Amino acid sequence: MREALPPHLSFDEFVAACQRPLRRSIRVNTLKITTADFLKLVAPYGWRLTPIPWCEEGFWIERDDDELLPLGSTAEHLSGLFYIQEASSMLPVSALFADDTRPRLVMDVAAAPGSKTTQIAARMGNAGLILANEFSASRVKVLHANISRCGVSNVALTHFDGRVFGPALPETFDAILLDAPCSGEGVVRKDPDALKNWSPESNHEIALTQQALMESAFHALRPGGTLVYSTCTLNREENEAIVAQLLEAFPQAVEVVSLGGLFNGADAALTPEGFLHVFPQIYDCEGFFVARLRKTASVPALPAPGYKVGKFPFTPVKGRDAAAITQAAAAVGLEWSDELQLWQRDKEIWLFPEAAGALAGKVRFSRIGIRLAESFNKGYRWQHEAVVALPLNPRFAFELSKAEAEEWYRGRDLWPDEPPVRDEVIVTFQGYPLGLAKKVGSRIKNSYPRELVRDGKLFN
């Protein structure tokens with residue numbers, strides 16, 4: 001670290017910063033609420049929110065009730081109004097969308113647990129398509145849970161080694177984020193055991209993987225597209241050296257785009273090459289590295305992958321069938337834009353991002369878009385993920401009290417003083433959907449997914 005630190009930074013200050021507790025931070029999910037409305041909503045709680053310079057919807061947060069109630073148990077988190085995300089990890093997506101870039105087809109190469117995928121979706125306004133890939137099978141489920149909670153509808157999930165995308169989808173994407181697996185030297189403030197297995201040999205092995213992922217991502221990027229490479233580590237071998245190897249391999253086809261103007265104060269972390277090398281003491285956050293690159297020309301394609309994708313198991317729903325589903329959904333308050341299209345597999349009905357069709361048959365998906373319903377003899381069973389993701393039609397909402405909303409999240413049926421008029425309603429709290437419920441006599445039957453049910457203290 002002494003060798004890696006630039007001359008203007010103190011090694012003693014670096015060590016002191018690593019030993020301080022990490023400041024907590026959140027990002028407002030603008031797919032569901034504006035930043036201004038969120039600040040009004042939480043104002044009574046006495047949260048002290050300090051703006052993060054590189055993310056308009058990001059805030060460092062201090063709370064007096066932090067030990068009494070975890071942030072993840074607040075009503076606003078449960079309904080997807082904000083994401084708990086470390087401040088420096090918001091930097092890569094800010095860099096991806098710098099200069100008012102408006103990509104329609106984006107890939108997040110190593111997406112779990114979903115902080116950056118959901119941030120990308122918010123910047124895209126749920127338009128276009130994000131291919132969110134995760135190599136670890138156990139983390140794909142977590143990734144989907146966070147996407148669903150945040151109301152993201154424009155994501156296609158894949159489960160591959162990221163090295164396949166260059167051969168499988170050459171020059172396809174407008175923008176790619178490679179937040180690469182790394183040695184994690186920047187996260188010691190959050191995880192004191194992060195460096196338990198650190199060694200120079202391990203760093204070298206990781207760097208070889210990063211180099212392969214970087215080259216694959218570059219091949220999958222269309223000419224004129226943007227590639228952001230980032231890590232939460234601090235050594236040059238996994239950061240500057242990885243970019244240098246790409247520049248050496250494709251000197252006529254890639255250029256560095258300086259991040260010096262990304263936000264006020266960026267120059268404090270700016271390297272001579274134009275990267276951001278964030279040491280913990282600079283902004284009092286985790287250590288991070290971010291580079292922004294532009295592909296300026298085509299490069300020779302890699303050999304096609306040897307695997308078979310298989311037949312795409314979905315068929316588009318059109319004509320009268322599509323009209324019937326759309327009408328039935330509208331009758332319970334579910335509506336969607338032209339960005340989403342109806343597809344079917346057996347009795348399952350899905351809403352896919354329009355752009356997903358272009359990738360069908362080229363790569364195997366774990367899941368695409370949102371599952372809207374399952375059809376049966378008497379109609380449709382509407383799915384929870386669709387209810388919380390699609391825009392709310394206020395006419396079909398049934399607002400719960402605070403106590404009722406807590407009971408809903410605990411998976412219990414509700415007995416309101418005045419039952420809803422309709423047999424099927426979207427139950428809401430603070431005006432935001434919690435799920436779809438059926439009235440059975442004077443009781444509201446709880447349909448909250450069992451795997452999401454919460455115990456213990458909830459809300460503020």
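Colleague: In which loop is Asp100 found?
Modeller: In this predicted model, Asp100 has a positive phi of about 60°, although it is not a glycine. At 54% relative accessibility, Asp100 counts as exposed, because exposed means over 50%. Its place in the chain is the loop between α4 (91-96) and β5.

Colleague: Where does Asp346 lie, and is it buried or exposed?
Modeller: Asp346 also has a positive phi, of about 55°, although it is not a glycine. Asp346 lies in the loop between β14 (340-345) and β15 (348-353). With a relative accessible area of 70%, Asp346 is exposed.

Colleague: Which residues does Met107 touch, not counting residues up to four places away in sequence?
Modeller: Met107 lies in strand β5 (residues 105-108). At 0% relative accessibility, Met107 counts as buried, because buried means under 20%. With those sequence neighbours left out, the residues that Met107 touches are Leu131, Phe165, Phe173, Ala175, Ile176, Leu177 and Ala220.

Colleague: How many Å apart in space are Met107 and Ile120, C-alpha to C-alpha?
Modeller: Met107 belongs to strand β5, and Ile120 is one of the buried residues in α5. In sequence, Met107 and Ile120 are 13 residues apart. From C-alpha to C-alpha, their separation in space is 9.7 Å.

Colleague: Which peptide bond is cis, with omega near 5°?
Modeller: The proline concerned, Pro113, lies in the loop between β5 and α5. The cis bond, with omega near 5°, runs from Ala112 to Pro113.

Colleague: Why is helix α5 largely enclosed by the rest of the structure?
Modeller: Helix α5 covers residues 115-124. Among its buried residues are Ser115, Lys116, Thr117 and Met124.

Colleague: Which residue follows α5, and what is its phi?
Modeller: Met124 is one of the buried residues in α5. The helix is followed by Gly125, whose phi is positive, near 60°.

Colleague: What is the nearest side chain of opposite charge to Arg149, and how many Å away is it?
Modeller: Arg149 lies in helix α6 (residues 137-149). Leaving aside neighbours within four places in sequence, Arg149 is in contact with several residues, including Lys32, His77, Phe82 and Tyr83. Arg149 is buried yet has no salt bridge. The nearest side chain of opposite charge is Glu76, at 10 Å.

Colleague: How far apart are the closest N and O atoms in the salt bridge of Arg48 with Asp64?
Modeller: The pair links distant parts of the chain, 16 residues apart: Arg48 is in strand β2 (residues 48-52), and Asp64 is in the loop between β3 (55-62) and α3 (75-78). Arg48 is partly exposed, with a relative accessible area of 36%, whereas Asp64 is exposed, at 67%. A salt bridge requires the nitrogen and the oxygen to be within 4 Å. Here the closest N and O atoms are separated by 3.1 Å.

Colleague: Which residues do salt bridges join into one network with Lys402 and Glu406?
Modeller: The side chains of Lys402 and Glu406 meet in a salt bridge of 2.9 Å, N to O. Both residues lie in helix α13 (residues 402-409), four residues apart, about one turn of the helix. An α-helix has 3.6 residues a turn, so residues three or four places apart point the same way. Through salt bridges that share partners, the network also takes in Glu407, Arg410 and Arg412.

Colleague: Which residues gather with Lys445 in a patch of positive charge on the surface?
Modeller: Lys445 lies in strand β22 (residues 443-445). Patch residues need over 30% relative accessible area, and Lys445 is partly exposed, at 46%. The residues that gather with Lys445 are Lys347, Arg381 and Lys438.

Notes. Residues numbered from 1 in each chain as written. Predicted model: local features only at pLDDT ≥ 70, side-chain atom pairs only at ≥ 80, totals over all residues. Heavy atoms only, no water. Patch = residues over 30% accessible without salt bridge, like charges linked within 9 Å, V, L, I, M, F, W, Y side chains within 5 Å. Areas by Shrake-Rupley, 256 points an atom, 1.4 Å probe, with all protein chains shown as cover. Lys, Arg positive; Asp, Glu negative; His and termini not counted. Charge placed at Lys NZ, Arg CZ, Asp CG, Glu CD. Helix = DSSP H or I, 4+ residues; strand = E, 2+ residues; numbered from the N terminus. Buried < 20%, exposed > 50% of the residue type's maximum accessible area, 1.4 Å probe, protein only. Contact = heavy atoms within 4.5 Å.
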